[in-house]
Amino acid sequence: MIKSIKIIFSLIFLFTSSISLGSSNEKVAIDKSMEVLDDFMETFNARDMESWSATLNYPHVRFSGGEVTVWDTKEDYAAVDIFKRLEATGWHHSAWLSRDMILISENKVHISTVFQRYDKNNQPTKKYQSLYIVTKENGHWGVKARSSFCLLYTSPSPRDRTRSR
């Protein structure tokens with residue numbers, strides 16, 4: 001009888017330990033995903049294509065403006081400077097309004113976001129809801145895919161695979 005009780009308590013201990021381990025791994029994934037989105041917005045607002053491209057995982061996919069665009073490498077992504085086009089629309093900077101985790105695993109997090117674009121006087125110009133998928137690949141956390149209804153602000157390079165929806 002005592003042996004059975006020891007086995008039961010041991011199993012309970014192992015079970016609760018594995019639950020907290022899973023929670024800990026998910027907490028790390030959430031923290032890393034939020035760091036990635038912070039860096040994504042910071043480097044975007046700094047107009048730094050090289051650093052901005054480092055916040056992504058490749059191939060990187062963007063669904064926007066009725067198009068699907070895929071960049072195979074960091075170099076492909078960094079080669080297209082989109083900031084002059086954005087500035088021509090009156091854009092000065094952007095900010096997250098909300099970021100809600102909707103699916104979480106150890107190596108992937110889906111985040112429903114809302115971001116706001118602002119002009120040089122810090123007046124809101126456009127607001128967009130979007131979905132970001134942040135993944136851990138080869139030890140690197142980055143945005144793997146994103147989808148929104150904001151206009152495609154870059155024309156695809158010849159290496160991009162683009163299809164209309």
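This is a predicted model: local features need pLDDT of at least 70, side-chain atom pairs count only at pLDDT 80 or more; totals for chains, interfaces and linings use all residues.
**Notebook: a first look around, then His140**

I started with the layout: from the N terminus on, the elements of the protein run α-α-β-β-α-α-β-β-β-β-β. That gives me four helices and seven strands.

The average pLDDT is 84, and 78% of the residues score at least 70. Among the elements, strand E3 (residues 93-104) has the highest mean pLDDT, 98, while strand E7 (residues 163-164) has the lowest, 38. I also noted two stretches where the pLDDT is below 50. Residues 8-21 have zero contacts in the model beyond near neighbours in sequence. Residues 154-165, on the other hand, have 31 such contacts.

Then I looked up some whole-protein numbers. Of the 165 residues, 38% count as buried. I found an accessible surface of about 9800 Å², with 57% of it belonging to carbon and sulfur atoms. Taking contacts between residues at least 6 apart in sequence, 58% join residues at least 24 apart.

What does His140 touch, leaving aside its neighbours within four places in sequence? I get Ala54, Leu56, Asn57 and Thr135. With Asn57 there is a polar contact, side chain to side chain, at 2.6 Å. As for Leu56, it sits 84 residues from His140 along the chain, yet their C-alpha atoms are separated by 9.0 Å.

Conventions. Residues are numbered from 1 along each chain as its sequence is written. Side-chain values use heavy atoms; hydrogens and water are left out. pLDDT is the predictor's confidence in each residue, from 0 to 100. Helices (H or I, at least four residues) and strands (E, at least two) are DSSP runs, numbered from the N terminus. Contact means heavy atoms within 4.5 Å. A polar contact is a pair of N or O atoms within 3.5 Å; within protein, one must be able to donate a hydrogen and the other to accept it, and residues adjacent in sequence count only if both atoms are side-chain atoms. Buried means under 20% relative accessible area, exposed over 50%, partly exposed in between (1.4 Å probe, protein chains only). Accessible areas come from the Shrake-Rupley method with a 1.4 Å probe; for residues, only the protein chains shown count as cover.
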